[in-house]
Amino acid sequence: MTEQVMAAIDGSRFSEGVCDAAAWASLALGAPLTFLHVNDNHAAPEERNLSGNLRAGARERLLEELSLLDEQRAKVAQEQGRLMLQAAKERAIEDGVAEPGTRQRNGTLVETLEELQNDMRLLVIGKRGEGAEHDGDHLGSNLERVVRTLHRPILMVPDAFKTPERVVLAFDGSKTTRKGVEMMAKSPLFAGIPVHVVIVGAETGDNRSQLDWALKTLRDAGHEAEGAIRAGEVEATLRGYKEEQGIDMLVMGAYGHSRIRHLLVGSTTTEMLRRASVPILLLR
Amino acid sequence: MYEKMKLSWFSNLKGDTLSGIVVALALIPEAIAFSIIAGVDPKVGLYASFAICVIIAFTGGRSGMISGATGAMALLMVTLVRDHGLEYLLVATLLTGVLQILAGYLRLAELMRFVSRSVVTGFVNALAILIFMAQLPELTGVTWHVYAMTAAGLGIIYGFPLLPKIGKSIPSPLVCIVVLTSVYLLTGMEIRSVGDMGELPDSLPVFLWPDVPLNLETLMIVLPYSLMLTVVGLLESMMTATIVDDLTDTKSDKHRECKGQGIANIGSGLIGGMAGCAMIGQSVINIKSGGRRRLSSLIAGVVLLMMVVFLADWVSMIPMAALVAVMIMVSIGTFSWSSIKDLKKHPMSTNMVMVATVIVTVGTHNLAIGVFVGVLLAAMNFANKVGNILYIGSEEADEGSRRIYKVVGQVFFASSEHFSGAFDFKETVQKVTIDLSRAHFWDITSVQTLDRVVIKFRREGTEVEMIGLNEASATIVDRFAVHDDPEAVEKLMGGH
């Protein structure tokens, strides 16, 4: 199977933005687009029976009850998923994608995406799922796990999507982001879109030469590129830069630090995702 | 990892907490009852259930499954405790833990695929019968009060959940125990209570090393028991894991579970608890009460210990009749009643395996022996059936001077007799052709039988020619995993 743009959708309000973003990416990359809806049919039951007793045939009866419950839920979820996929497909066709595909799988989102990632060129996903739609500032429970699990680029859409006109690349000279620069230079995704390369850190000779390398790489590939070095805290600085320059998409490496550090001080990536108001493209 | 941990521990907080408490309440009478079966103080079983529940929450391979002191294990310990005492039981428990960890690393859980469904059903039924039988001493030679109390207890256990609303929010075994204890205390009737059965935990458990000489003699005493405990513990744990897998439609890590059971048993032995394993009834109760994740097992263990230690005086006043009622419920709930209905539908050979497992287990009080007999019978049944898939036909050729035998099917130890019997050695022919291209020789017995057939023909002066021997004997090779390659399977099993 050829590598494709996959867009994970569900019933949340983020799904429309995901549709548009996926359509844009599919057209720009010239890669086929597939919408994916995942049914997790085995969430714990809402109703509980705390009677704590065992009747004759308790095992068989419990199995029957639980399967019946799952079956009913799964049928509804399947039907809803089909409708959502249909709607997404229509929307993508309106956006100009010729033949968007749809796929429905059973399982948890993270496991399913992990299984499918070999067919994946880019994953487009919303900030939160339908389970956590109104949690304000929080990330959906799945997003961080998805980002940590997959080894593919992920485009996270916080809300409505519009075709980006100015993109910023968060650059720190690390291996991941250097690869990111090369990817951006080559990728048809950003053809004709001006790229701002920003290093958050002190104005040192090393940072300067890193930045020059990045700008040269991008310009050699025919991009319009600008650079800046800003001191400060990563998330706030990038946010400031974004507002100042009217940036409408952010490209960055994901989870550069160890998990232990993450546990202690939190992660820049998580912070960026949580506060995001424009789409973020995460490179792995 | 952090996310995985969150998912396997805290993704079902409310359900796990409530179910953990329900399970803890149900664990107390069981742990006491199983201690009595094993012939030790109730505190041995209670500490064991606490330790195993808590440790397995971290080390187990099947979330949502409940482990603790069990009847199957208790039955195996009776003679060890009687002849050598508690300290040796603790050593046996530690050794069992070590052996189970070893079994986990050797991936012995793979062997479970040789345990057929009928053997599992037989195991479960035998277990239920043994738990029931273990209650009989409490019901013989006693006054009518005990019968009345037990009957009332059963009435509450099965009747209470029918009440609207509260029936499904308060565990009925708990109601049974509270009501019967109140009646017992108020009337002051002369019946036995838990306090009469031995010591209850009066403090949090402490770490202790069994007081026995660490020498070969000790090892020789405990080893046979430990081996049995290892086998039965893992068997019941694997079976329970499969049941929980089915109920929740999720997967478990059986090898991790083996190691986890081992670690839990070592922990139990070190705080003065007996060996235990997964509990079928409790796991079903946990799932039914909404428990799914590791947290449920941890809460069950912690709540159990808190209740027992802080309410020890009250626990000692629970009349035995209440425990008997709860254990009868466990035995009724564990028994697979549908297997009795199925006796009519299932083939005789399958029924025989199930019934034999039950009879041997109940006769020996040893589930390991019962399962062994069941597996053996099932294997023999299978060999017998496959051995019947063998056809040998023949036709004359060259105007009666030659006979061609065609062999189609499976030739192995169980069918080689049939194979050699199908040739007519008395017929005088110059030449015999044996076409083996559609036969399969599975073992050395079948090859030797073929050799004998050839020799016998030669001794009659008949020349023997064989066709397709190489293909037929390809199946003797020990390693041919071809089940994931349809073409290879076709090549091996088809018409060559």
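Two residues are counted as being in contact if their C-beta atoms, placed from the backbone, lie within 7 Å. The legends below describe views of a predicted model.

**View 1. Helix α3 of chain A against the strands of its sheet.** Helix α3 of chain A, residues 109-116, lies across β1 (4-8), β2, β3 and β4 (120-126) of chain A. The direction of this helix makes an angle of about 175° with that of β1(A). Helix α2 of chain A, which spans residues 58-94, lies across β2 and β3 of chain A and runs at about 160° to β2(A).

**View 2. The open sheet of chain A.** Chain A has nine helices and 10 strands, and an open sheet of 10 strands with mixed pairing is formed in the order β3-β2-β1-β4-β5-β10-β9-β6-β7-β8. At the edges of this sheet stand β3 (101-106) and β8 (225-230) of chain A, and because each has a single partner strand, one side of each is left without a neighbour in the sheet. From one strand to the next, the twist averages 25°.

View 3. Strand β2 of chain A, residues 33-39, pairs with β3(A) in the parallel sense, and six bridges join the two strands. Within this pair, A:Thr34 is placed opposite A:Gly101, a residue of β3(A).

**View 4. The largest nonpolar core and the surroundings of B:Met77.** The largest nonpolar core has 131 residues, of which B:Met77, B:Phe123, B:Leu304 and B:Leu323 touch the most other members. Helix α2 of chain B, residues 13-38, supplies the largest share of this core, with 15 residues. When neighbours within four places in sequence are left aside, B:Met77 is in contact with B:Ala38, B:Leu89, B:Tyr225 and B:Met274.

View 5. Chain A comprises 284 residues, of which 40% count as buried. Among the contacts in chain A with a separation of 6 or more, 80% are accounted for by residues 24 or more positions apart.

**View 6. The two assigned domains of chain B.** The domain assignment of chain B gives domain 1, covering residues 8-343, and domain 2, covering residues 388-493. Between the C-alpha centres of domain 1 of chain B and domain 2 of chain B the distance is 55 Å.

Terms used
Residues are numbered from 1 along each chain as its sequence is written. Chains are lettered from A and ligands numbered from 1 in the order in which they are written. This is a predicted model: local features need pLDDT of at least 70, side-chain atom pairs count only at pLDDT 80 or more; totals for chains, interfaces and linings use all residues. Domain bounds come from an automatic or database domain assignment. Two strands pair if DSSP finds at least two bridges between them. Helices (H or I, at least four residues) and strands (E, at least two) are DSSP runs, numbered from the N terminus. Axes are lines fitted to C-alpha atoms, for helices over the stretch in contact, and angles run from 0 to 180 degrees between N-to-C directions. A nonpolar core is a set of buried Ala, Val, Leu, Ile, Met, Phe, Trp, Tyr and Cys residues joined through C-beta atoms within 7 Å. A residue is buried if 20 or more other C-beta atoms lie within 10 Å of its own, exposed if 12 or fewer, and partly exposed in between; C-beta atoms are placed from the backbone.
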